[in-house]
Protein chains: 2
Amino acid sequence: MPSPTQNHRGAIVAIGGAEDKEGDRRLLKRFLNLCGPGDARVAIVPTASRLADTGERYSALFRDLGARTAPIVQVRDRRDVEREDWEAALEGVTGVFLTGGNQLRLSTILGGTAVATRIRRLNAAGVHVAGTSAGAAFVSEHMIAFGAEGATPLAGQVSLAAGLGLTNRVIVDQHFRQRDRLGRLLAALSLNPFPVGLGIDEDTAAILGPDNVVEVAGAGAVTVVDLGQLDASTAAYAEPGRPIQLVGARVHVLSAGARFDLEGRAATVLDEGA
Amino acid sequence: MPSPTQNHRGAIVAIGGAEDKEGDRRLLKRFLNLCGPGDARVAIVPTASRLADTGERYSALFRDLGARTAPIVQVRDRRDVEREDWEAALEGVTGVFLTGGNQLRLSTILGGTAVATRIRRLNAAGVHVAGTSAGAAFVSEHMIAFGAEGATPLAGQVSLAAGLGLTNRVIVDQHFRQRDRLGRLLAALSLNPFPVGLGIDEDTAAILGPDNVVEVAGAGAVTVVDLGQLDASTAAYAEPGRPIQLVGARVHVLSAGARFDLEGRAATVLDEGA
C-alpha cells in the first residue's frame, strides 16, 4: 500500500492492448493484485477513448475481479479538468488505469493539466499506474503519437510527442506483433538512443518496477530494442521516406517471467515460464 | 562555483543562434561571467557541427574573453565516446557550451552515451550548460528535430526527438524570427501542452535558472508560447498537412531583462531594458 513516506515510485504497467477481459483476465488480475489484494482502489481514466461506456466497462471489470472501488475520472476534454470532480475519483487510490483509444487524446487533453500532475505525483508516492494500448504509449516521457507500419525504419516514419512522463527510460509501442511496428520503434529510438524501446504484443505487459527492472507478463512477447551500443547510424541525415541505416542494434525478445534491467541494459530469461 | 554539496542545478542557457562573436559579444560574456568571473573553465562540445574547426573557434573565443581554460570534447561519432579522452575535457569545468550545427547529430551521437550522462550530472551538480542554435534545441527533454517554416501549425509539420533532458519544462526553437517558426513550435506544443515553448531569436538567450524562472538576454526577443490554458484543440484529429485549430493559446514576447516563471506560467516585464 502506498504511503507518503515511502521513497520509491509505484510500478508502471504497460499493456500492449487487447488484454483478455473475458477468460482468466490474467493481466487485469495481476494489476489488481499489485494494487493491494482485497483492498485495491483503482481509478479508471477513459480519456483516450471516444466511446461513452469505456470507463464504466473497465470499472465493472475491476469491481468484478475484486476491487474495493473503481471510480472513473470523468475527463473528456480540457474544460472537464476545471470542474474538479475528478479529484474525488483520484482520492486515496492504490492504482490508476488508463484505457485505450487515441494517445493524442491523452496528451492533448491531459497534458499540462492538474490531472496529469496529480497522476505523476501519485506514481512518485507509490501508486501503481497501468495503461493499455494508447494508455501504455502515454505513460512515458516520449510517446509515439503515430507512424507507419513496417519492419524497417524510414526517416520521418514516426512522430513523437511528450507523454505523461512517469519515466524517460523507455519508449513504448503497443499491438507490436499484430501491427508490424518494429520499423517505427527503431525510427523513434534512432533519433536518440537514450531510451530503450519496448514493443509490447497484445495481451502482454511490461511491468516497470521502482528499481527500473522490467518484468514481462501475459500471453505474448515484449521486444526490447536497445540502440545504446550502436556502431553507426544515418538517422541524422537520411532523407524523408528513405531507410535509416543502423549498425549494431541489440534486440531481445522476452516472454512471461523474463526481466530486463534498464540500468545495466541486460536481460534475464527464466528457464520456466511464469 | 559548483560543488557536489549544493542542491540545485546549474543554469541552462539557450541561445537562438548567430550570437555576436566579433562586437561586444554580450551573450558569450554573460555565460562566461555565470561560470565564474576570472576562473571560468568552459568545455566546448562541437558535436553538432561537421566543420573541423568549430571547437577550436569557440575555445579561442572563450579564452580571448578571459576563460581560464576552454577544452574541447572531441566527439564526432559514437566510437569517439569509447576513447574516453573526452573525460579529461569535462574534468573540473564550471560550464559546458554546445555549439550549433545539426541537433540530430547531438541526439544520435551523444544520446544514451556516458558523455550525455556526465553532462546531465554536471548540470544537476551546479555546472552551467549553454547551447546555441542546434545546441539550444538539444538541451531539453523534448527537442524539435526538424520541421517546416510558416506561422500557423499544420498536423505533422514538426518532428520531435528525445534531447539531452536537462529540463522537460520547455521546448526550444531557435532562429525564431529569422526562420518564421511559430507554426512548428505551436504544432510541437499542441501534441502536449505540458512544456512551455521558447522561440528564441538570433543573438538572444533564454536563461533558465535553477528556480525555473527564465530570464531573457541579448538583442532580440524570446517568444514564450503557453498552451496550458487551451480551450479547444484539434491536434488529436487534424489530417496531415492540414491546419491544427487552437483556441486560447497564450503568447508573450519578451526582450532583455524580462522574466517568465515556468512554475506559475507568468511573465514579468521590466520598465527599463537590461
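**Entry 1: strand β8 of chain B**

I call a residue buried if 20 or more other C-beta atoms, placed from the backbone, lie within 10 Å of its own, exposed if 12 or fewer do, and partly exposed in between. Helices (H or I, at least four residues) and strands (E, at least two) are DSSP runs, numbered from the N terminus.

Before going on, I noted that this is a predicted model, where local features need pLDDT of at least 70, side-chain atom pairs count only at pLDDT 80 or more, and totals for chains, interfaces and linings use all residues. Residues are numbered from 1 along each chain as its sequence is written, while chains are lettered from A and ligands numbered from 1 in the order in which they are written.

Why is β8(B) largely enclosed by the rest of the structure? Because five of the five residues in this strand, 196–200, are buried. A handy reminder for reading the two faces: in a regular strand the side chains alternate between the two faces of the sheet.

**Entry 2: its neighbours**

I looked up the pairing next, which takes at least two DSSP bridges between two strands. β7(B), residues 170–174, runs parallel to β8(B) over five bridges. One contact point to click on is B:Ile171, whose bridge partner in β8(B) is B:Gly197.

β11(B), residues 222–226, is antiparallel to β8(B), with four bridges joining them. There, B:Val224 stands opposite B:Leu198.

**Entry 3: helix α2 of chain A**

I then turned to chain A, which has eight helices and 16 strands. In α2(A), residues 54–64, I found A:Gly55, A:Tyr58, A:Ser59, A:Leu61 and A:Phe62 buried. They span an arc of only 160° around the axis, so they lie on the same side of α2(A); the arc is that of the directions from the helix axis to the C-beta atoms. What do the buried residues of α2(A) pack against? I listed α1 (26–34), β2 (42–45) and β3 (95–98) of chain A, with contact taken as C-beta atoms, placed from the backbone, within 7 Å. After α2(A) comes A:Gly66, with a positive phi near 120°.

Technical notes
Contact = placed C-beta atoms within 7 Å.
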